[in-house]
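These are my notes from a first reading of the structure below, kept in the order in which I looked things up.

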Amino acid sequence: MPETLQQFQPFVSPTDTRPELTFRALLLGSLFGILFGAVTVYVGLRAGLTVAASIPISVLSISVLRALGRASILENNIVQTTGNAGQSIASGVIFTLPALVFLGFDLEYSRIFFLALIGGWLGVLFMIPLRRQLIVQEHGTLTYPEGTACADVLLAGERGGSFASRVFLGLGLGGVYTLFQNDNLFAAWPGTPDYQPKWLKGAAIRADVTPEYLGVGYIIGPRVAGVIFAGGVFSWLVVMPLIYFFGSHMPDAIYPGTKPVSMMSPSDLWASYIRPMGAGAVAASGLITLLKTMPTIVGALRSGAKEFGKGAGQTAALRTDRDLPMSVVIFGSAALVLLMFFFLTFHPVPGAQTTLLSNFAASILVVIFGFLFVTVASRIVGLIGSSASPVSGMTIATLMATTAIFLVKGWTAPAFGALAITIGGVVCVAASNAGDTSQDLKTGFLIGATPWKQQLALMVGVVVSTFVIGATLNVMNKGLEEFRDTSRPWNISAAHDGVQVQQQHFQHARIHVIHVDKTTDERDATQYTLLNALGSHELADGKYLYNSSTQKIEVQWIQGIGSEKAAAPQARLMATVISGILSRKLPWGLVLLGVFLVIAVELLGIRSLSFAVGAYLSIATTLAIFCGGVVRWMVDRAVAQYSGRTAETESEVSPGSLYASGLIAAGGIVGLLGVALKLYEAATDKSDIVQFPSSNLLHHDWVSVLMFALLAFSLYYFARKPLATEATPAEDRQTNE
């Protein structure tokens, strides 16, 4: 039976005072927030998925603070609370704000910073008056699974349990592997082995053999990884061959493609036809998920309305029941709304000037939708966990309502698309952070932490992590960009629907242009005029460089975000929703195909969101994630066979999940170093500083597959090997209660 509030006693008594909000705890938590914030951006943009950071942060904190001297469990909790803010803010940002790139606008660092800061703080502030009801009063009803698991880790660490060695092992082996595998570093073997069967034209089987995908697949488990891969199989091995089969005989391009199907590679087919279909699928699955949780949402709103005043008016005598004052919530929220208004007014998106009225309306909508979905997210994660929370569905609902209002008002210019994604971005960050804030406060409740200190640590974590999130986004956008050679006659003086001149003189000094045979040449970029295509029947969405002397488009500028290596599926979806409502320029046939595909999957009894994300992503991503799921399935079977336990006993604090967390961190950290090296090479006109020559003996697809198989075996081996100090933290916690 669920434990009642009257029976519950925290691990640290309310009358016991231990070191908690210390400088070293905040400093260490901030460092982890920076680290895991950057890793979440890197992995999330590439895989379309994020994983919780609180448990690996707790594990690392226990080890580090123990080495620095005796640390209290409350200090370790502050470290994970501060650090976990980086992961939650990064999740909200990458799911929305990169849509600015897809809408044809620049991704400014200052914009990302302020919008993430406003959304993150609103998520914390709006959660404060809800804490007593959701975390305390409904202790036996709302389990908050990630928060409870994190409390188990902290309790085990307090009793001498040590798990950090398994995380560091994954970090070390994964880091060395990435150093040799990553295309931007040594590139000793191919980063993406590729097979394009001649017997199935238009299809491709490929895998990004990275440790972060292997780790993500292991953590999400075989069922979810299998459903994601099923989406990839459907797109790359069914739909794309069908498109090629029926379309290869057509002499002209088929919209939204811009060249004949017979001339398209699998990557071209994916970019032109699969992405719109996948965006429709993700949108439909997000809304279906939202509708399924509607009873919970209605209940959350009713409870929130009842308890908002109660939570505000109570004064707590016990240390473990003191929140930040209600005056901080009210005045802090008002200040953030004013900051939002002034930022939109005095620093609009370049090329997207809006009116005072629309900026004021945007600020009010942020408050309305922000509080609505903070309330919803905080309760839903208590029932089903953060990973299953329909944040994307809430954001879609926000965008649909916002753009519908704009449409009624006649605000349909591209500038209002940028304003809509600004509103959606802040709301998404607030809802994402509120969900993780709830998990952190649940952890604190179980171990006996001081709520106001946790809330302050969360706000510090938000500020610190926002510094690195915007920088990481821009580094990936620049570091993964490509300039591809093309040749297309173009009459710039004629009217072209959906194509605009963005810069008369391209603001780059020199660019390296890649040819079809992979050779490159360096060109003076200032000779080009920058064109932006959005919803055009002549050019695929994106940016192009036009040479007035030859009267041709000579270069296609493929930005890092949105490319096959950083697909950003959720952000693409948000841009599709906005563009579809405001400009009504969408390949609706493909979008609706994705919608009905999701309906069919739901009728089969399968949760469609994972399938939809898999259908959108490159099969190179989904296949690698599936491999991690297969390893998890093998480990679960071995556990069940040799210990008599069921597969479900593989928990978030198991040897395998800790090793997988190390692999994810390694892939993200070393991968970001590779992107930074790419930027340095571009800035200094150097190339391939550390790369092995492609003629080296290891540069074969079979070597790449073999090395990835060895890494997968290491995950299987260390997942089955018991930790040096086994503990049963859940049982220990119950004993103390």
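**Entry 1**

I began with L597, which I found in helix α18 (residues 588-603); helices here are DSSP runs of H or I, at least four residues long, numbered from the N terminus. The model is predicted, with local features needing pLDDT of at least 70 and side-chain atom pairs pLDDT 80 or more, while totals for chains, interfaces and linings use all residues. Residues are numbered from 1 along each chain as its sequence is written, and side-chain values use heavy atoms, with hydrogens and water left out.

I noted that L597 counts as buried because its relative accessibility is 13%, where buried means under 20% relative accessible area, exposed over 50% and partly exposed in between, with a 1.4 Å probe and protein chains only. Setting aside neighbours within four places in sequence, I listed F234, M277 and F611 as its contacts, a contact being heavy atoms within 4.5 Å.

**Entry 2: helix α10**

I then followed helix α10 (residues 266-292), where a kink of about 45° lies at I274, shortly before the proline P276; the bend is the angle between axes fitted to the seven residues ending at a residue and the seven starting there. Of the 27 residues in α10, 20 are buried.

**Entry 3: the cores**

Which residues touch the most other members of the largest nonpolar core? I found L45, V93 and L473, in a core of 152 residues, a nonpolar core being a set of buried Ala, Val, Leu, Ile, Met, Phe, Trp, Tyr and Cys residues joined through side-chain atoms within 4.5 Å. Helix α15 (residues 414-447) gives the most to this core, with 14 residues.

Notes
Helices (H or I, at least four residues) and strands (E, at least two) are DSSP runs, numbered from the N terminus.
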